[in-house]
Amino acid sequence: MAPTSDDGRDGYLAFVENHQHRLLRAAYLICGNRHQAEDLLQDALLKLALRWSSVRDGDPSAYVRAILYRDSVSWWRRRRREWLSAAPPDQVAHDRDGALRLTMHDALGLLPPRQRAVLVLRYYEDLTEVATAEALGVTVGTVKSQCHAALRRLREVASDLARDARPGRGPADLASGLEVNP
């Protein structure tokens, strides 16, 4: 029997084509590893395909983000280990944008998965607190507390994010997005 347009296949394929790059970036920011992000997204899209008929009328991207977060946490719990190194990490380059990106990437890698997911959804995906809570399956209060704790931790581990490289400007002149009251 040939598939019909009523089975939703066309809608699913259109969704994947329109959202896969953004979802891949979100998966990468959540887990910090490109190959793992690709695997997470592939698994999430498969789960979406299996539930497409019930999810397509709602917000499929929120459904996929929730799957990405939960699967990333599950993967992390199964493979929790320390990364040991014989040598200290390389010094940050003097390229301002590249250095800030590397600093942010390293700082996000130091956060627990839940805090990292909250920051990615709130500030990268630009979701509201309510939408973030729905995507993660937690309360709005949990989103607020996790966001607060994550921003505090980022200020501790990456003080470079709060400084501006331009001469004559101090931290008080810079709006870095990390100015949440402790």
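Asn 33 caps the N-terminal end of helix H2. Its side-chain oxygen sits 2.9 Å from the backbone nitrogen of His 35. Helices here are DSSP runs of H or I, at least four residues, numbered from the N terminus.

A word on ground rules. This is a predicted model: local features need pLDDT of at least 70, side-chain atom pairs count only at pLDDT 80 or more, and totals for chains, interfaces and linings use all residues. Residues are numbered from 1 along each chain as its sequence is written, and side-chain values use heavy atoms, with hydrogens and water left out.

Back to H2, residues 34–55.

Which side chains face inward is a separate matter; burial is what we have. Buried means under 20% relative accessible area, with a 1.4 Å probe and protein chains only. The buried residues of H2 include Leu 40, Leu 41, Leu 48 and Trp 52.

Cysteines next. Cys 31 is buried at 14%, and Cys 147 is buried at 9%. Disulfides, meaning cysteine sulfur pairs within 2.5 Å, come to 0.

Finally, confidence. pLDDT is the predictor's confidence in each residue, from 0 to 100. The chain mean is 78. H2 is highest, at 92. Residues 164–182 stay under 50. Where pLDDT is low, the predicted coordinates should not be read in detail.

How values were computed
Helix = DSSP H or I, 4+ residues; strand = E, 2+ residues; numbered from the N terminus. Expected span 1.5 Å × (residues − 1). Buried < 20%, exposed > 50% of the residue type's maximum accessible area, 1.4 Å probe, protein only. Polar contact = N/O pair within 3.5 Å; in protein donor to acceptor, adjacent residues only side chain to side chain. Contact = heavy atoms within 4.5 Å.
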